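Could you walk me through this model in my viewer, one selection at a time? I would like to know what to click on next and what I will find there.

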Amino acid sequence: MGILNHLAAQLALIRKISIRNHQTTMSRRIHARRTEGVDKNVWVEFTQLAAEYKAVNLGQGFPDFSPPQFITEAFCKAVSGGPPMHQYTRAFGHPALVQSLAKFFSRIVGHDIDPFEDILVTVGAYQALFCAFQALIDEGDEVIIVEPFFDCYQPMVVMAGGKAVYVPLRPKEGTAVLSSGDWVLSAEELASKITPHTKAIVINTPNNPLGKVYKREELQMIADLCIKHDLLCFSDEVYEWLTYDGAKHVKIASLPGMWERTVTIGSGGKTFSATGWKVGWAMGSGHILKYMKTIHQNSIYHCATAAQEAVAQGFEREHELFGTPQSYFQQLPAMLHHRREKLASSLKGVGLQPIMPEGGYFMITDISSIAVDFKDSDTKDENYDFRFVKWLIKEKGLATIPVSAFYSPEHSKEFDKYIRFCFVKENSTLDAAEEILKKWSQNESSH
Amino acid sequence: TNFNHKNVCRVAFTSLAADPSVVNLGQGFPDIPPPSYVKEALAKAVSVDRMNQYTRGFGHPPLVKALSQVYGHVYGRPIDPFKEVLVTVGGYGSLFSTMQGLVEEGDEVIIIEPFFDCYVPMVRMAGAKPVFIPLRLKSGKKSITSADWYLDPDELSSKFTSKTKAIIINTPNNPIGKILTRDELQMIADLCIKHDTLCFSDEVYEWLIYRGQQHVKIATLPGMWERTITIGSAGKTFSVTGWKLGWSIGPQHLIRHLQTVMQNTLYTCPTPLQEAVAQGLMLNMELIGQPECYFTSLAEELEGKRDRMAAIVQEAGMTPVIPEGGYFMLVDVSALNQDLSDMKTDDDDDEAYDYKFVKWMIKKKKLAAIPVTAFVSDQSTKDFEKYIRLCFIKVSNTLMLIKSYFKQCLNASFHTV
């Protein structure tokens, strides 16, 4: 009995101490519920892993070569400009930038774009997407997302209180699937997903990760449905200048009836190979953009001045050189065309079948022909491609991204045999990747 | 998007004052040059390939490490650069990440008036209800400083309810320039602990402290680290508001929710700018205690400008409120007794005096300032409508220009014009 009393006294003491310690931490739920379910992030996870294992990094989408000299010079010039270059500029976009964007894109969209009404400059295309979802999607709204999709669309829909509805691009039946052009959207399947709650459809062309460049007829099919059902269209076109094999990038906003219902998103980072500058924009009819401006002014308010000045100068230069061989918008896709070929042949050389992208930064390849014993019980509940990519980083020192990360939970198991490579890299990086693949293939064949 | 209210006024005034013939004393940004080493660091960063591409989402490693060192020193505690720091797009972005991460529908958030005007729309955007408590002016004083405003303890205590999620404090305060004393912070801390609430401490002007004053971080008071997010700004620290970099510092169990917001809103901040700020911080870390340290030398420079602005205002027949910190000054315009009857607009007969005064100043005198009632709720309008806000982080020439404008326009025979 004495022992029990003694123990009870000890427990009471321990409980008192722990209560005293917890008095200074909050006992109620701290976080806002909108952060629930959106806390996992594939980039955070895989970037860390690639760094840890010092892998040859064909994973995250950024160039490992330098931006063109004219753009870095423009930035330095801005930095040595007067004090105004280092202070707040116009909140919705530095005047020089919105004016050069309006001038440049009016020609392409076929619509007179008002620099002050129809454009919002944001911290990367990422923030433009955030503003679009926050401003235009409400609780209960449905948003159609075409899969595979850049992964942030889904959590952004969720954070806005909306519901994501997915429709996948599917490989065409019957033919060998060799190009991103062989993945198509079924008009019937898309139409069947539209309900009275549907507010918007999100498209990404050129597409990440597949590389598909939507043809005019495909965009017309989507446009017809948007007009028929009075939907908004969010068109993520960050890779707009990167098309190969003569594929043409078409802006859905340029189709009849679409300017008034489309938000087109672009990226200075992808345009000028300077992803770390985080200058992006949304373009669209002022009556839609004004709501996005409200979100912007209550979340970020201003974007960095000098970076915007530099991107403005970049567009001025490209406006002069448009269509000529000196244009960066000609030179970059020409250079990347070769990198694309190089990576494809490395993959084919070891028996893998890549899907040739018509545009963008990325190439996906089917890995189902490779047999791997993962030996890794930690990851056994994860999708096959997630396990494969982690194994590839740890065992072979090559970093890629699992493609099922770009699919909805309901479809991810259907598409878990693909991995994504970024080929916007120096030749030396692609050579190093080829070495790894060759060695690996030799090891396999010697068994 | 119906939460936006007075915020639109500051934005509207900005466009009114954007007329190049108007001398803008309103918007809070320097026209002094930033220190040359930060500009050099930025130009240098852009010449390094890797610095032009994405960096770590929650903050560029050199920057979060520099912040951890500088603030570890200031707080007197180790700060984990990866778990207890988040880099954001300005102090503004930190406020947004904090509200979105920690505040929601059903919550109440206490805001001390006058307040930086974005707090209210941000609280509303998070679905919560703002609860206001005004700073009150001690009566009977002739010459006024920001220290003459105080928080009534009983009044403050009455604002805390079971729904209170957080209190926002801003010290040094924009627009008054008040620095909350240790006793005042302790009073707030006691209430936070008693009612188990969070504290969001906006300390973007933390280095702009004038002689005889001390900036105290509420997060250093007992029991407060665990429940406080402290916000800082590179723009205000290095006179580079156009760089739009800021940070939130706090315990991991709070910062991780801000990080979730970050990864779903803009993912990462610009790399070369973060690299340059990191270098600026490390350079000044070495210089702490020495006269060249920008953390103290900027405040010394601004104190002179503060005093010059105060003299200019007095000569013009108005009454300055001498700020203990920050780079704004409240100016009492009531002594001018300016007749504003022709500024009445049809739709807003009730418009506060300071709004009418500023509109008149812009229209008739080509001078812009910010009306201080833009920083208060409707119930406090009457207490603040005789003040306008001026900004004194300006080069000598600008101050001289202001002096001559005031001489020309705002003198005793003014209301006959």
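This is a predicted model: local features need pLDDT of at least 70, side-chain atom pairs count only at pLDDT 80 or more; totals for chains, interfaces and linings use all residues.

Is A:Arg261 buried or exposed? With a relative accessible area of 14%, A:Arg261 is buried.

Next, select A:Phe234. Leaving aside neighbours within four places in sequence, A:Phe234 is in contact with several residues, including A:Ala132, A:Phe133, A:Leu136 and A:Ile137. Also among the contacts of A:Phe234 are A:Ala200, A:Ile201, A:Val202, A:Ile203 and A:Val263. As background, nonpolar side chains tend to be buried together in soluble globular proteins.

Now colour the two chains separately and turn to where they meet. On the chain A side, 61 residues are in contact with 72 residues of chain B. The two chains bury about 5800 Å² between them, and 57% of that is on carbon and sulfur atoms. To see where chain A loses the most area to chain B, pick A:Gln87, A:Tyr88 and A:Asn298, which together account for 12% of what that side buries.

For the polar side of this interface, there are 30 residue pairs in polar contact, both at pLDDT 80 or more. Highlight helix H2 (42-52), helix H3 (69-79), helix H5 (124-136), helix H6 (153-159) and helix H10 (286-297) of chain A: each supplies at least two residues of the side that touches chain B. The residues of that side divide into 29 nonpolar, 24 polar and eight charged.

How many salt bridges cross the interface of chain A and chain B? The rule finds two. One to zoom in on is between B:Glu104 and A:Arg29, whose side chains meet at 2.9 Å, N to O. B:Glu104 lies in the loop between helix H4 (90-102) and strand E3 (108-113) of chain B and A:Arg29 in the loop between helix H1 (2-22) and H2 of chain A, so this pair joins two chains. B:Glu104 counts as buried at 8% relative accessibility, whereas A:Arg29 counts as partly exposed at 37%.

Move on to chain B and select B:Lys165 with B:Asp107. Their side chains meet in a salt bridge of 3.6 Å, N to O. This pair links distant parts of the chain, 58 residues apart: B:Lys165 is in strand E8 (residues 164-170) of chain B, and B:Asp107 is in the loop between H4 and E3 of chain B. B:Lys165 is buried, with a relative accessible area of 2%, and B:Asp107 is buried too, at 11%.

For a last stop in chain B, select B:Arg211, B:Glu303, B:Arg306 and B:Asp307, which are linked in a network of salt bridges. To put these stops in context, a search of the whole structure finds 31 salt bridges over all chains.

Key: Residues are numbered from 1 along each chain as its sequence is written. Chains are lettered from A and ligands numbered from 1 in the order in which they are written. Side-chain values use heavy atoms; hydrogens and water are left out. Contact means heavy atoms within 4.5 Å. Buried area is the accessible area (1.4 Å probe) that two parts lose on being put together, summed over both. A salt bridge is a side-chain nitrogen of Lys or Arg within 4 Å of a carboxyl oxygen of Asp or Glu. A polar contact is a pair of N or O atoms within 3.5 Å; within protein, one must be able to donate a hydrogen and the other to accept it, and residues adjacent in sequence count only if both atoms are side-chain atoms. Helices (H or I, at least four residues) and strands (E, at least two) are DSSP runs, numbered from the N terminus. Ala, Val, Leu, Ile, Met, Phe, Trp, Tyr, Cys and Pro count as nonpolar, Asp, Glu, Lys and Arg as charged, and the others, Gly among them, as polar. Buried means under 20% relative accessible area, exposed over 50%, partly exposed in between (1.4 Å probe, protein chains only).
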